[in-house]
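I set down here what I looked up in one structure, entry by entry. The sequence and the model come before my notes.

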Amino acid sequence: MDTSFDVSRTERVVPCLTRDIYDKANTPTMSPKEDISERWRDIHGVQEWEGLLDPLHPLLRREIVKYGEFAQATYDALDFDSFSEYCGSCMYNRYKLFDKLGLSKSGYKVTKYIYAMSHIDMPQWLERSRLTYTWSKDSNWIGFVAVSDDEESRRIGRRDIVVAWRGTVTPSEWYENMQRKLEPIGHMDSKVEHGFLSIYTSKSDSTRYNKSSASEQVMKELKTLVDFYKTKGEEVSLTITGHSLGGALALLNAYESAAKFPRLPISVISFAAPRVGNIAFRDELYQMRVKILRVTVKQDLVPRMPGIVLNESLQKFDDFTGTLEWIYTHVGAELKLDVRSSPYLKRGFNFIGIHMLETYLHLVDGFVSTSSTFRSNAKRDAALVNKACDMLVDELRIPTCWYQLAHKGLECNSYGRWVRPKRDPEDVPSPTREEHSHDELVLHEISYGF
C-alpha cells in the first residue's frame, strides 16, 4: 500500500482545487432527480448490476449516494455526548429527523426507530454515558425504517421501503471485541459471526427498549408496511443499507426478510461492510435472490475482517479440504474505490478517515471508472469529508472534525449562565411513542401524501 504523500502533486493540484471549491460554493450539492421508473429493476440489482459499475452508471451513482446518506443520518443524529443523559439515543424524533439533517427532499418519511442491545461482552461497541441516570443503560438507537412518498415512488417506479443500520462510532472498537466465532443461523449450514448476530437478536424483559430485539422490531414494521402497500396493489421493494457494523446488520436483516417475504425484491447497499458469514450463508442468500452491492475502499481494512487469513480465498483448496463451513466469505457484487483517485484527499494512511462513510460517499460521487480520473463535475460538498476526521488536504482549509452541536450543546440561559438545555419532550425517547398502529399508518398517508 502506498502511504507516501506526494508533495509535488499537492502543489500542482491544490490551487485548482481551491478555485473549484469556491466556484462550487453557490451551486447545488446534487443533480436534479431523474425518472428511473423504467429501469428501477436494473438499478435495484436484478442483474447483479452487471455493466453498471465500471463505468459507474450516473443513475446508479445517485441512488447509491441516496442510500448512503440514509446510513450517514444514523451517525449525524446520534447523541454521542458522554455527558448527556440521552447518550446513545437519537437527538430527534422520527417526524423531524430528515428535516433536521437536510434530507427533507429525499422523498422518504421515517416510520420506525430501531433499538439494539447485546448479551455478549462488547463494552465498547458504543460508548456509554458517564452519568448515573440515563435514558437507557442497555439499549442504543441503531437505525430506522423509512418509506418513499408518492412523488418519489413515481420517480423510482415502485414503493420503496428502506432500512438504515448504524455502525459503531469508532470502527476499531467492534473488531477488538468481536468474538470471531461463527454461529448457526436458519435451518441449514449457514453460520454468521456471533457478535453481529447477538446485536441483531438480543432482547431482555428487564429493558425498556429491547423487550423485543432489533430483529423483531424491524420485521414487525416491515410486515406492516409490505402488507399495507401490497393490499393497495402497489409494487414494493426493500432496500437495506448500512455502514461498517451497519453493513453486517443489513445482511442479517436481508437474510431474515428474504425468508419472510420470498417474492419481494430485496437489495442491500452496504458501505465498508465486514465479512458476516460462511460460504453456506453466502449461497443461501444467492438462492433467496437477495441482491447485494458492497461499496469498499481499497485502503480500508474493515472489509477484510473478520477472517483476514481464514477467508474465501481458501476455496481454491476445496478439492483437498472439502467445503470449509468455518471460513468467512463476502457476498455480492463489489464497487471498489481508491482513496488515491480523489485529489481532495490526503495520501497518508489514516485508518479512521479512510473508513468514514463520508469519505466513501465522496469517492462514489467522483468515481467514473477504474480507468478514469475523479470527475470534475462531482456535486457533493467535499467539506463533508472532514465532518468527523482529517482526510482533506490542509490547503483546502476545512477544519477537522467540524460536525458538532453549537457550543457543544450548551446554551446561555436568561441569567447568562451556560447550561445543558432539556430536550423538547417530543424528542425524548419513549418506547410507547415508537409503536404505531395500522390506523396511524393510514393517517400518515393522509398527512404526508404517501
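**Entry 1. Ground rules.** I worked from a predicted model, in which local features need pLDDT of at least 70 and side-chain atom pairs count only at pLDDT 80 or more, while totals for chains, interfaces and linings use all residues. I numbered residues from 1 along each chain as its sequence is written, and side-chain values use heavy atoms, with hydrogens and water left out.

**Entry 2. The largest pocket.** I looked for open space first. A pocket, on a 1 Å grid over the protein atoms alone, is an open set of points where a 1.4 Å probe fits, with protein on both sides within 12 Å along at least five of seven lines; lining residues have an atom within 4 Å of a point. A volume is the space filled by probe spheres set on the points, which are joined across faces, edges and corners. I found that the largest pocket has a volume of about 1,600 Å³. Its lining counts 48 residues, and Leu78, Phe80, Met91, Gln404 and Leu405 are the closest to the centre.

I then sorted the lining by residue class (nonpolar: Ala, Val, Leu, Ile, Met, Phe, Trp, Tyr, Cys and Pro; charged: Asp, Glu, Lys and Arg; polar: the others, Gly among them). The lining of the largest pocket holds 24 nonpolar, nine polar and 15 charged residues. Helices and strands here are DSSP runs (H or I, at least four residues, for helices; E, at least two, for strands), numbered from the N terminus. At least two lining residues come from each of α3 (58-76), α12 (351-355) and α13 (357-366). The largest share, three residues, belongs to α3.

**Entry 3. The second largest pocket.** I noted a volume of about 470 Å³ for the second largest pocket. Of its 23 lining residues, Thr29, Met30, Ser31, Arg62 and Val65 lie nearest the centre. Here too I recorded α3 as the source of the largest share, with eight residues. The lining of the second largest pocket divides into seven nonpolar, five polar and eleven charged residues.

**Entry 4. Helix α3.** For 19 residues the span should be 27 Å, and the end C-alpha atoms of α3 are 26 Å apart, which agrees. I next asked how many of the residues of α3 are buried. Buried means under 20% relative accessible area, exposed over 50%, and partly exposed in between, with a 1.4 Å probe and protein chains only. The count is 18 of the 19, so α3 is largely enclosed by the rest of the structure.

**Entry 5. Salt bridges.** I counted a salt bridge where a side-chain nitrogen of Lys or Arg lies within 4 Å of a carboxyl oxygen of Asp or Glu. The total is 29.

- Arg155 bridges to Glu63, with the closest N and O atoms 3.0 Å apart. Arg155 lies in α5 (residues 150-156) and Glu63 in α3, so the pair ties together parts 92 residues apart in sequence. Arg155 is buried at a relative accessible area of 9%, and Glu63 is buried at 3%.
- Arg380 bridges to Glu69 at 3.1 Å between the closest N and O atoms. Arg380 sits in the loop between α13 and β10 (411-412) and Glu69 in α3, so parts 311 residues apart in sequence are tied together. Arg380 counts as buried at 13% relative accessibility.
- Arg420 bridges to Asp81, the closest N and O atoms being 2.8 Å apart. This pair links the loop between β11 (418-419) and α14 (431-434), which holds Arg420, to the loop between α3 and α4 (97-100), which holds Asp81, 339 residues apart. Arg420 is partly exposed at 38% relative accessibility, and Asp81 is partly exposed at 22%.

I also noted one network, in which salt bridges that share partners join Lys33, Glu63, Lys66, Glu152 and Arg155.

**Entry 6. Strand β6.** I found eight of the eight residues of β6 (residues 236-243) buried. In a regular strand the side chains alternate between the two faces of the sheet. In β6 both faces are covered, with Val236, Leu238, Ile240 and Gly242 buried on one side and Ser237, Thr239, Thr241 and His243 buried on the other.

I looked up the neighbours of β6 as well (two strands pair if DSSP finds at least two bridges between them). β3 (residues 159-165) pairs with β6 in the parallel sense over seven bridges, and Ile161 has Leu238 as its bridge partner in β6. β7 (residues 266-271) runs parallel to β6 and is joined to β6 by six bridges; Thr239 has Ser267 as its bridge partner in β7.

**Entry 7. Lys96.** I placed Lys96 in the loop between α3 and α4. Lys96 counts as buried at 18% relative accessibility. The C-alpha atoms of Lys96 and Lys109 are separated by 9.6 Å, with the two residues 13 apart along the chain.

Key:
Expected span 1.5 Å × (residues − 1).
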